[in-house]
Amino acid sequence: MKQVGFEYQAFVGTTDFKSSPVTTGALFLAKKKLFNEDFNVAQNIRPAAELPDLKGNGKHSGKPDDST
Amino acid sequence: MEFELTSEDRDRIIKSIRQKYAEFSRSPEGKFTYPTGRLGMEKLKYDQTIIEELPNDLVNAYCGVGNPFSIGPINEGERVLDIGCGAGIDTFVAAKTVGNRGKVAGIDMTTEMLSYARKNLTKLLSDNVSLQEASAEALPYADETFDVVISNGVFNLIPDKKKAVEEVYRVLKPYGKMMIADQVLIGSLPVNKEERIESWFR
(Lines give C-alpha, C1' and ligand atoms only; values in the text may rest on other atoms or scores of the structure.)
Protein backbone atom coordinates (compact mmCIF):
# COMPACT_ATOMS: atom_id res chain seq x y z
CA MET A 1 0.00 0.00 0.00
CA LYS A 2 1.21 3.47 -0.86
CA GLN A 3 2.44 5.41 2.15
CA VAL A 4 1.20 8.95 2.62
CA GLY A 5 1.14 11.43 5.46
CA PHE A 6 -1.85 12.93 7.13
CA GLU A 7 -2.05 16.09 9.20
CA TYR A 8 -5.14 17.63 10.65
CA GLN A 9 -6.02 20.83 12.44
CA ALA A 10 -9.24 20.83 14.41
CA PHE A 11 -11.43 23.82 14.90
CA VAL A 12 -14.30 23.53 17.30
CA GLY A 13 -17.17 25.22 15.55
CA THR A 14 -19.45 27.61 17.29
CA THR A 15 -22.54 25.79 16.04
CA ASP A 16 -24.02 23.11 18.26
CA PHE A 17 -23.79 20.49 15.65
CA LYS A 18 -23.00 19.75 12.07
CA SER A 19 -25.47 17.56 10.29
CA SER A 20 -22.81 15.90 8.20
CA PRO A 21 -21.18 12.76 9.54
CA VAL A 22 -18.51 13.66 12.03
CA THR A 23 -15.51 14.97 10.18
CA THR A 24 -13.18 13.45 12.69
CA GLY A 25 -14.82 10.09 12.22
CA ALA A 26 -14.29 10.24 8.50
CA LEU A 27 -10.69 11.13 9.03
CA PHE A 28 -10.26 8.19 11.37
CA LEU A 29 -11.44 6.08 8.52
CA ALA A 30 -8.92 7.65 6.24
CA LYS A 31 -6.08 7.23 8.63
CA LYS A 32 -6.77 3.67 9.58
CA LYS A 33 -7.91 2.16 6.33
CA LEU A 34 -6.27 4.08 3.57
CA PHE A 35 -2.99 5.29 4.87
CA ASN A 36 -0.05 3.35 6.19
CA GLU A 37 0.08 4.26 9.84
CA ASP A 38 3.77 3.59 10.09
CA PHE A 39 4.35 6.72 8.08
CA ASN A 40 2.94 9.12 10.55
CA VAL A 41 3.98 12.69 10.20
CA ALA A 42 0.58 13.62 11.46
CA GLN A 43 -0.74 14.14 14.91
CA ASN A 44 -3.02 11.35 15.95
CA ILE A 45 -6.71 11.97 15.96
CA ARG A 46 -9.03 11.78 18.91
CA PRO A 47 -12.79 11.40 18.68
CA ALA A 48 -14.59 14.71 18.64
CA ALA A 49 -15.94 14.17 22.13
CA GLU A 50 -12.44 14.16 23.55
CA LEU A 51 -11.25 17.31 21.85
CA PRO A 52 -10.51 20.23 24.10
CA ASP A 53 -12.52 23.37 23.65
CA LEU A 54 -10.44 25.07 21.02
CA LYS A 55 -12.82 27.83 20.08
CA GLY A 56 -10.98 29.73 17.41
CA ASN A 57 -7.96 27.71 16.47
CA GLY A 58 -5.81 24.89 17.64
CA LYS A 59 -4.12 21.59 17.01
CA HIS A 60 -4.74 18.51 19.04
CA SER A 61 -3.15 15.17 19.60
CA GLY A 62 -4.06 11.80 21.00
CA LYS A 63 -4.58 8.21 20.09
CA PRO A 64 -7.04 7.14 17.41
CA ASP A 65 -10.30 5.67 18.55
CA ASP A 66 -10.08 1.99 17.65
CA SER A 67 -13.83 1.69 17.76
CA THR A 68 -14.28 3.79 14.61
CA MET B 1 -26.98 6.68 13.85
CA GLU B 2 -25.82 6.65 10.25
CA PHE B 3 -28.10 6.58 7.25
CA GLU B 4 -27.72 6.52 3.51
CA LEU B 5 -28.12 9.71 1.54
CA THR B 6 -30.27 9.38 -1.56
CA SER B 7 -29.28 11.19 -4.73
CA GLU B 8 -32.04 13.69 -3.97
CA ASP B 9 -30.56 14.26 -0.50
CA ARG B 10 -27.17 14.89 -2.04
CA ASP B 11 -28.61 17.30 -4.56
CA ARG B 12 -30.34 19.28 -1.82
CA ILE B 13 -27.20 19.43 0.27
CA ILE B 14 -25.01 20.52 -2.62
CA LYS B 15 -27.56 23.07 -3.74
CA SER B 16 -27.70 24.61 -0.27
CA ILE B 17 -23.92 24.79 -0.05
CA ARG B 18 -23.65 26.40 -3.48
CA GLN B 19 -26.33 28.93 -2.59
CA LYS B 20 -24.61 29.85 0.66
CA TYR B 21 -21.26 30.44 -0.96
CA ALA B 22 -22.75 32.22 -3.95
CA GLU B 23 -24.35 34.65 -1.48
CA PHE B 24 -21.04 34.90 0.36
CA SER B 25 -19.19 35.79 -2.82
CA ARG B 26 -21.57 38.71 -3.37
CA SER B 27 -21.69 39.89 0.22
CA PRO B 28 -19.20 38.30 2.67
CA GLU B 29 -20.16 40.24 5.79
CA GLY B 30 -21.93 38.40 8.58
CA LYS B 31 -22.42 35.10 6.80
CA PHE B 32 -20.47 32.99 9.31
CA THR B 33 -20.36 32.83 13.07
CA TYR B 34 -16.57 32.76 13.25
CA PRO B 35 -14.13 35.50 12.21
CA THR B 36 -13.68 35.77 8.46
CA GLY B 37 -11.88 38.19 6.17
CA ARG B 38 -8.81 40.02 7.39
CA LEU B 39 -9.61 39.37 11.04
CA GLY B 40 -9.94 35.65 10.36
CA MET B 41 -6.64 35.50 8.51
CA GLU B 42 -4.83 37.43 11.22
CA LYS B 43 -6.25 35.32 14.04
CA LEU B 44 -5.18 32.21 12.15
CA LYS B 45 -1.72 33.67 11.76
CA TYR B 46 -1.46 33.85 8.01
CA ASP B 47 1.71 35.59 6.90
CA GLN B 48 1.03 39.32 7.21
CA THR B 49 3.08 40.00 4.09
CA ILE B 50 0.74 37.83 2.08
CA ILE B 51 -2.36 39.43 3.60
CA GLU B 52 -1.05 42.83 2.52
CA GLU B 53 -0.33 41.57 -0.97
CA LEU B 54 -3.89 40.43 -1.60
CA PRO B 55 -6.62 42.76 -2.90
CA ASN B 56 -9.03 43.87 -0.17
CA ASP B 57 -11.99 42.29 -1.94
CA LEU B 58 -10.23 38.96 -1.82
CA VAL B 59 -9.17 39.23 1.81
CA ASN B 60 -12.75 40.10 2.72
CA ALA B 61 -13.85 36.84 1.10
CA TYR B 62 -11.66 34.64 3.33
CA CYS B 63 -13.80 32.15 5.25
CA GLY B 64 -11.40 29.39 6.27
CA VAL B 65 -11.61 27.72 9.67
CA GLY B 66 -7.92 27.04 10.07
CA ASN B 67 -4.52 27.57 8.55
CA PRO B 68 -3.34 24.52 6.56
CA PHE B 69 0.08 26.15 6.14
CA SER B 70 0.65 26.05 9.87
CA ILE B 71 0.19 22.29 9.93
CA GLY B 72 3.25 21.25 7.97
CA PRO B 73 5.73 22.40 5.34
CA ILE B 74 5.07 22.87 1.66
CA ASN B 75 8.26 23.04 -0.33
CA GLU B 76 9.40 24.92 -3.36
CA GLY B 77 8.79 22.96 -6.54
CA GLU B 78 6.02 20.79 -5.14
CA ARG B 79 2.62 20.15 -6.70
CA VAL B 80 -0.28 21.11 -4.47
CA LEU B 81 -4.04 20.59 -4.71
CA ASP B 82 -6.38 22.90 -2.78
CA ILE B 83 -9.76 21.22 -2.36
CA GLY B 84 -12.59 23.71 -1.96
CA CYS B 85 -10.40 26.66 -2.90
CA GLY B 86 -13.26 29.17 -2.71
CA ALA B 87 -11.96 32.67 -3.36
CA GLY B 88 -8.47 31.22 -3.90
CA ILE B 89 -6.56 32.60 -0.96
CA ASP B 90 -5.00 29.33 0.15
CA THR B 91 -4.31 28.52 -3.50
CA PHE B 92 -2.47 31.82 -3.79
CA VAL B 93 -0.47 31.16 -0.61
CA ALA B 94 0.46 27.71 -1.90
CA ALA B 95 1.54 29.20 -5.24
CA LYS B 96 3.81 31.70 -3.48
CA THR B 97 5.31 28.85 -1.50
CA VAL B 98 6.00 26.40 -4.33
CA GLY B 99 7.29 29.09 -6.68
CA ASN B 100 7.68 28.87 -10.41
CA ARG B 101 9.03 25.33 -10.28
CA GLY B 102 5.88 24.09 -8.55
CA LYS B 103 2.27 23.86 -9.58
CA VAL B 104 -0.96 24.49 -7.71
CA ALA B 105 -4.45 23.39 -8.62
CA GLY B 106 -7.54 24.75 -6.91
CA ILE B 107 -10.96 23.16 -7.23
CA ASP B 108 -14.35 24.24 -5.98
CA MET B 109 -17.91 23.30 -6.75
CA THR B 110 -19.21 26.88 -6.49
CA THR B 111 -19.12 28.73 -9.81
CA GLU B 112 -19.48 32.12 -8.17
CA MET B 113 -16.55 31.66 -5.80
CA LEU B 114 -14.32 30.50 -8.64
CA SER B 115 -15.31 33.52 -10.70
CA TYR B 116 -14.50 35.68 -7.69
CA ALA B 117 -11.10 34.02 -7.40
CA ARG B 118 -10.29 34.41 -11.08
CA LYS B 119 -11.40 38.04 -11.10
CA ASN B 120 -9.32 39.01 -8.09
CA LEU B 121 -6.28 36.80 -8.60
CA THR B 122 -5.73 37.14 -12.33
CA LYS B 123 -3.08 39.78 -11.90
CA LEU B 124 -1.38 37.91 -9.07
CA LEU B 125 -1.38 34.34 -10.23
CA SER B 126 1.27 32.91 -12.44
CA ASP B 127 0.96 30.24 -15.11
CA ASN B 128 1.60 27.54 -12.56
CA VAL B 129 -1.87 27.90 -11.03
CA SER B 130 -5.11 26.42 -12.31
CA LEU B 131 -8.61 26.92 -10.94
CA GLN B 132 -11.50 24.73 -11.99
CA GLU B 133 -14.96 23.63 -11.00
CA ALA B 134 -14.89 20.08 -9.70
CA SER B 135 -16.04 17.86 -6.86
CA ALA B 136 -13.80 16.41 -4.16
CA GLU B 137 -15.61 13.12 -4.69
CA ALA B 138 -14.36 12.90 -8.30
CA LEU B 139 -11.02 14.65 -8.61
CA PRO B 140 -10.16 15.38 -12.26
CA TYR B 141 -6.52 14.37 -11.93
CA ALA B 142 -4.42 11.34 -12.67
CA ASP B 143 -3.19 9.02 -9.95
CA GLU B 144 -0.25 10.23 -7.90
CA THR B 145 -0.23 13.79 -9.26
CA PHE B 146 0.30 15.80 -6.09
CA ASP B 147 2.85 16.10 -3.32
CA VAL B 148 0.40 17.83 -1.00
CA VAL B 149 -3.37 18.13 -0.75
CA ILE B 150 -4.70 20.95 1.41
CA SER B 151 -8.23 21.86 2.37
CA ASN B 152 -9.72 24.43 4.72
CA GLY B 153 -13.19 24.06 6.18
CA VAL B 154 -14.44 21.92 3.32
CA PHE B 155 -14.51 18.26 4.28
CA ASN B 156 -17.27 18.79 6.81
CA LEU B 157 -19.51 19.80 3.91
CA ILE B 158 -18.80 16.86 1.62
CA PRO B 159 -21.67 14.33 1.44
CA ASP B 160 -19.48 11.30 0.73
CA LYS B 161 -16.40 11.91 2.85
CA LYS B 162 -15.09 8.39 2.42
CA LYS B 163 -15.09 8.81 -1.33
CA ALA B 164 -13.39 12.19 -1.08
CA VAL B 165 -10.65 10.82 1.15
CA GLU B 166 -10.17 7.88 -1.21
CA GLU B 167 -9.76 10.35 -4.04
CA VAL B 168 -7.18 12.31 -2.07
CA TYR B 169 -5.28 9.11 -1.47
CA ARG B 170 -5.45 8.29 -5.18
CA VAL B 171 -4.02 11.58 -6.38
CA LEU B 172 -1.27 11.79 -3.75
CA LYS B 173 2.19 10.67 -4.73
CA PRO B 174 3.88 8.09 -2.56
CA TYR B 175 4.98 9.91 0.60
CA GLY B 176 2.72 12.82 -0.28
CA LYS B 177 0.71 14.53 2.45
CA MET B 178 -2.87 15.45 3.14
CA MET B 179 -3.04 18.55 5.35
CA ILE B 180 -6.45 19.83 6.24
CA ALA B 181 -8.14 22.14 8.69
CA ASP B 182 -11.77 21.62 9.50
CA GLN B 183 -14.54 21.87 12.03
CA VAL B 184 -15.40 19.01 14.34
CA LEU B 185 -18.55 18.04 16.14
CA ILE B 186 -18.93 18.90 19.80
CA GLY B 187 -22.56 17.87 20.22
CA SER B 188 -24.88 15.19 18.95
CA LEU B 189 -26.08 14.88 15.41
CA PRO B 190 -29.82 15.28 14.84
CA VAL B 191 -31.48 11.89 15.00
CA ASN B 192 -34.07 12.75 12.38
CA LYS B 193 -32.69 12.40 8.86
CA GLU B 194 -34.67 15.29 7.43
CA GLU B 195 -33.51 17.62 10.17
CA ARG B 196 -29.96 16.48 9.64
CA ILE B 197 -30.07 17.25 5.94
CA GLU B 198 -31.83 20.57 6.47
CA SER B 199 -29.10 21.65 8.86
CA TRP B 200 -26.20 20.36 6.76
CA PHE B 201 -25.00 23.82 6.16
CA ARG B 202 -25.59 26.80 8.42
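1. Which loop of chain B holds B:Glu144? This is a predicted model, and in it B:Glu144 sits in the loop that runs between strand 3 (129–133) and strand 4 (146–152) of chain B.

2. The backbone of B:Glu144 deserves a look: its phi is positive, about 55 degrees, although the residue is not a glycine. Most residues other than glycine have a negative phi.

3. You will find B:Lys45 in the chain B loop between helix 2 (37–43) and helix 3 (48–53). Its relative accessibility is 67%, so B:Lys45 counts as exposed; the cut-off for that is over 50%.

4. Now to a helix pair. In chain B, helix 1 (residues 7–26) packs with helix 6 (residues 111–121) at an angle of about 30 degrees, and their axes are 7 Å apart. Angles under 35 degrees count as roughly parallel, so helix 1 and helix 6 of chain B are roughly parallel to each other.

5. Who makes that contact? From helix 1 of chain B come B:Tyr21, B:Ala22, B:Phe24, B:Ser25 and B:Arg26, while helix 6 of chain B supplies B:Glu112, B:Met113 and B:Tyr116. Sorted by class, the contact between helix 1 and helix 6 of chain B has five nonpolar residues, one polar residue and two charged residues.

Methods. Residues are numbered from 1 along each chain as its sequence is written. Chains are lettered from A and ligands numbered from 1 in the order in which they are written. This is a predicted model: local features need pLDDT of at least 70, side-chain atom pairs count only at pLDDT 80 or more; totals for chains, interfaces and linings use all residues. Side-chain values use heavy atoms; hydrogens and water are left out. Helices (H or I, at least four residues) and strands (E, at least two) are DSSP runs, numbered from the N terminus. Buried means under 20% relative accessible area, exposed over 50%, partly exposed in between (1.4 Å probe, protein chains only). Axes are lines fitted to C-alpha atoms, for helices over the stretch in contact, and angles run from 0 to 180 degrees between N-to-C directions. Angles under 35 degrees count as roughly parallel, over 145 as roughly antiparallel, 65 to 115 as roughly perpendicular and the rest as oblique. Contact means heavy atoms within 4.5 Å. Ala, Val, Leu, Ile, Met, Phe, Trp, Tyr, Cys and Pro count as nonpolar, Asp, Glu, Lys and Arg as charged, and the others, Gly among them, as polar.
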